[in-house]
Amino acid sequence: SGVKYFLWDEEQALADLKSAPMPLNDAGFKYFETNFLRPAYNEKKVPIQVHTAVTAFIMAALIVQLVKKVRQKAMWVHRWLGRLLLIVILAALYSFAMLVHRQPNKIGRYAEYPLIFFIPYYAIKGWLEIRNKQTQAHRSSMIMLSSCFFFFAVQRLVMLPFGFLHSETLGPYLPLGPWKNWQEKEYETMFGHAIVLAGMITFSVAYYKAYGGSAPVKKDGKKA
């Protein structure tokens, strides 16, 4: 999607939006077009293109960093890529903060505000831990840092089940009702709820992987 954003024009993006695998009637199309797509191709085009390129690099690099074989067989790659990541993340922090602050969805804005603090906290914490040779603590911090970025991809995935849940069969029993009857205010609510749910899912899994069941086991059977 990042590559397409740089190659497509606005009309191609609008056509792609119409085929998005999510509950999208005319009101929903108008909501996402007005609040996200058109600004991304007009007044917000340059900052969002920069943001897209930077975060694409960060997420790809984080995936490489989390691959166990890279840490075992190419530690120099892990080490130098980690240093570059730290520099890029901290340099882009102000831009991240401004995009979160200008998030058009108010519920989503509140849900994303903590990331402004979590990102530098876990980045710097992880760097200090590896300098002090606290390998397990460093691993945990990097998992939590990664979740701050993967969270945005999970937001998109969380919107997919809303179509099934708010179908003509199940929709009448849920607060928002069937999605085919939604107006823009329902889409505003749905998108905000998707962001909150994505945060709950992403950070719960990340916390478990960082500090829960994946922790190493000592000889006496207790978790380290």
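Predicted model: local features only at pLDDT ≥ 70, side-chain atom pairs only at ≥ 80, totals over all residues.

Colleague: Fine. How many helices and strands does the protein have?

Modeller: The protein has 12 helices and zero strands. Helices here are DSSP runs of H or I with at least four residues, strands are E runs of at least two, and numbering starts at the N terminus.

Colleague: And what does the C-alpha trace span along its principal axes?

Modeller: About 60 × 40 × 30 Å. Of the 224 residues, 40% are buried, meaning under 20% relative accessible area, with exposed being over 50% and partly exposed in between (1.4 Å probe, protein chains only).

Colleague: Which residues have the most contacts inside the largest nonpolar core?

Modeller: Phe32, Ile119, Leu145, Phe149, Tyr187 and Met190, in a core of 50 residues. Elements giving two or more residues to this core include α3 (26-41), α9 (115-131), α10 (135-158) and α12 (184-211). A nonpolar core is a set of buried Ala, Val, Leu, Ile, Met, Phe, Trp, Tyr and Cys residues joined through side-chain atoms within 4.5 Å.

Colleague: Take Leu145. What is it in contact with, leaving aside neighbours within four places in sequence?

Modeller: Leu145 is in contact with Ile89, Ile119, Tyr122 and Ala123. Contact means heavy atoms within 4.5 Å. For the protein, 65% of contacts between residues at least 6 apart in sequence join residues at least 24 apart.

Colleague: Switching to helix pairs: at what angle do α2 and α3 pack?

Modeller: About 150°, with the axes 11 Å apart. So α2 is roughly antiparallel to α3. The axes are lines fitted to C-alpha atoms, for helices over the stretch in contact, and angles run from 0 to 180 degrees between N-to-C directions. Under 35 degrees counts as roughly parallel, over 145 as roughly antiparallel, 65 to 115 as roughly perpendicular and the rest as oblique.

Colleague: Who makes that contact?

Modeller: On α2, the residues are Glu10, Ala13, Leu14, Leu17 and Lys18, and on α3 they are Phe29, Phe32, Glu33, Leu37, Arg38 and Tyr41. By class, that gives seven nonpolar, no polar and four charged residues. Ala, Val, Leu, Ile, Met, Phe, Trp, Tyr, Cys and Pro count as nonpolar, Asp, Glu, Lys and Arg as charged, and the others, Gly among them, as polar.

Colleague: And how do α4 and α6 cross?

Modeller: At roughly 150°, with axes that come within 10 Å. That makes α4 roughly antiparallel to α6. Residues meeting there include Phe57 and Ile58 in α4 and Leu81 and Leu85 in α6. The contact of α4 with α6 has 12 nonpolar, three polar and no charged residues.

Colleague: Is Lys133 buried or exposed?

Modeller: Lys133 counts as exposed because its relative accessibility is 70%.

Colleague: What about Lys209?

Modeller: Lys209 is in helix α12 and counts as partly exposed, at 40% relative accessibility. Its C-alpha atom is separated by 7.5 Å from that of Ile143, 66 residues apart along the chain.

Technical notes
Residues numbered from 1 in each chain as written. Heavy atoms only, no water.
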